[in-house]
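Visitor: I'd like to learn how to read a model like this one. Could you walk me through it?

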Amino acid sequence: MSTEGSESVTRRGFMRAATSTAAAAGAAGTAAAESQETSSGGGGTKEVIVGPGGSLVFEPAEVTIAPGTTVKWVWESDNHNVVPSSQPEGANWQGTDGAPSKTYNTGHEYSHTFETTGTYEYYCQPHETAGMVGTVTVQEGGASTGGGGPAIPSSAKTLGVATTAALVFTLGLAYFFMKYGGDYGQAE
């Protein structure tokens, strides 16, 4: 019996198993990322950081979303608010609670679900003159801002990269042992 023939069958079997494993890992990673996505209404959730790193900006300053999408503003510095300056006719957006002079501090979150198509402009009342302004554009067909797909949390990306690296390492190690490892007890 030739060892060459059995060796190729083993490699073929190994490649089938490796392909199946890679497909299963990819499907599991995709499912994990999708399960972490939050959705509200028909369009999911888009996050805007208020004052990232103490800067006087909204990040991102311009967001494009589909009707039914919730925008969540998250404060990363103090003394900011969200005050609408213009919105489409029939829209009911009020901005953060209270008078336009009422501000909020780090850790505060404010959300609004946008249903009416059009452009919504807003600003931070204490920092408008410093350029702290933003725009939400609501259009049929949805998000053209931020890559066009669902937002994937950075923890899911990190997990995906680590899983892929571990899979490649394991498959490489298995191939090495199959090709070069083996019959230590037999004399040549």
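**A buried threonine, then the sheet**

Guide: Buried means under 20% relative accessible area, exposed means over 50%, and partly exposed is in between (1.4 Å probe, protein chains only). A word on the source: this is a predicted model, where local features need pLDDT of at least 70, side-chain atom pairs count only at pLDDT 80 or more, and totals for chains, interfaces and linings use all residues. Residues are numbered from 1 along each chain as its sequence is written, and side-chain values use heavy atoms, with hydrogens and water left out.

Visitor: Which side chain does the side chain of T70 make a polar contact with?

Guide: A polar contact is a pair of N or O atoms within 3.5 Å; within protein, one must be able to donate a hydrogen and the other to accept it, and residues adjacent in sequence count only if both atoms are side-chain atoms. Here the partner is the side chain of T113, at 2.6 Å. T70 itself sits in strand β4, residues 69–75.

Visitor: How many helices and strands does the protein chain have?

Guide: Helices (H or I, at least four residues) and strands (E, at least two) are DSSP runs, numbered from the N terminus. This chain has two helices and eight strands, and from the N terminus on they run α-β-β-β-β-β-β-β-β-α.

Visitor: What is the strand order in the open sheet of four strands?

Guide: Two strands pair if DSSP finds at least two bridges between them. The order is β3-β8-β7-β5, with mixed pairing. At the edges are β3 (62–65) and β5 (83–86), each pairing on one side only. From one strand to the next, the twist averages 25°; axes are lines fitted to C-alpha atoms, for helices over the stretch in contact, and angles run from 0 to 180 degrees between N-to-C directions.

Visitor: How many bridges join β7 to β8?

Guide: Six, between residues 118–123 of β7 and residues 133–138 of β8, and the two strands run antiparallel. Y120 has V136 as its bridge partner in β8, while E121 stands opposite T135. In a regular strand, side chains alternate between the two faces of the sheet.

Visitor: And how many bridges join β5 to β7?

Guide: Three, and this pair also runs antiparallel. V83, for one, is bridged to Y123 in β7.

Visitor: What share of the protein chain's residues counts as buried?

Guide: Of its 188 residues, 26% do.
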